[in-house]
Amino acid sequence: MSESIHLVPLTPADLPRIYRRMEADFPPAELKKPAHLQRLFREGLSEGWLLADGREVGYAILLRPAGAPYTLLDYLAMEERGAGYGSACLALLKERYPGGILAEVEALEEGLPPETARLRQRRIAFYQRGGFRPCPFPNDIFGVRYLVHLWTARPAEPGEARLAALALEECYRRQLPPAVFRANVRIEAPEG
């Protein structure tokens, strides 16, 4: 990894090519449909970045409805794991989104196959090493429970789990038709 590592804006024209990589990087259940992703970009709800280090080494797609206190890191993937690119990308994203970034990681649950549990623990540890802190609140999003993590430039504040839950809920509310949202997204904002 070189010192010239940087982010390049991902354009809607890049999406078909990046989507092919996304299909290899994420399970089908986690992928938005290509037309849905294109719409989010067109409407300004989503934006993306390519991580470059002399060549393209990864990508990030984020969702930020106008007025939301935090930006949701919707997708993050690097060509090489363990090379420091993911951490470098997080550092660059923090500079671009100083108000705060949310990251969803599938929750650890009893009875998971060992390999699945290790993968989820590795993802949780990655975000925590990157300065994200767990923001636990009950949620069920399309049948998946997430442990949401939050990064802000500020120290932890009372009520931030509530703000994180409300921001995540708004991210889903703004991108989904009302009936789909009501049927598939349950987020319980903590009190306070």
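Ground rules, quickly. The model is predicted, so local features need pLDDT of at least 70 and side-chain atom pairs count only at pLDDT 80 or more, while totals for chains, interfaces and linings use all residues. Residues are numbered from 1 along each chain as its sequence is written, and side-chain values use heavy atoms, with hydrogens and water left out.

Start with charge. Side chains of opposite charge can pair when their charged atoms come close. A salt bridge here is a side-chain nitrogen of Lys or Arg within 4 Å of a carboxyl oxygen of Asp or Glu. How many turn up in a search of the whole structure? The search finds 16 salt bridges.

Take Arg-55 and Glu-79. Their side chains form a salt bridge at 3.0 Å, N to O. Arg-55 sits in the loop between strand S2 (46-52) and strand S3 (56-63), and Glu-79 in the loop between strand S4 (71-78) and helix H3 (85-96), so the pair ties together parts 24 residues apart in sequence. Helices (H or I, at least four residues) and strands (E, at least two) are DSSP runs, numbered from the N terminus.

Buried or exposed? Buried means under 20% relative accessible area, exposed over 50%, partly exposed in between, with a 1.4 Å probe and protein chains only. Arg-55 is partly exposed at 40%. Glu-79 is partly exposed too, at 45%.

Next, Glu-106 and Arg-120. Their salt bridge spans 3.7 Å, N to O. Glu-106 is in strand S5 (residues 101-106) and Arg-120 in helix H4 (residues 114-129), so parts 14 residues apart in sequence are tied together. Both Glu-106 and Arg-120 are buried.

Arg-133 and Glu-160 are both buried.

Now away from charge. Where is Phe-26? Look in the loop between helix H1 (15-25) and helix H2 (34-42). Phe-26 is buried, with a relative accessible area of 14%. Leaving out residues up to four places away in sequence, Phe-26 touches Leu-31, Tyr-59, Tyr-75, Leu-76 and Ala-77. Contact means heavy atoms within 4.5 Å. Phe-26 and Ala-77 are 51 residues apart in sequence, yet 8.8 Å apart in space, C-alpha to C-alpha.
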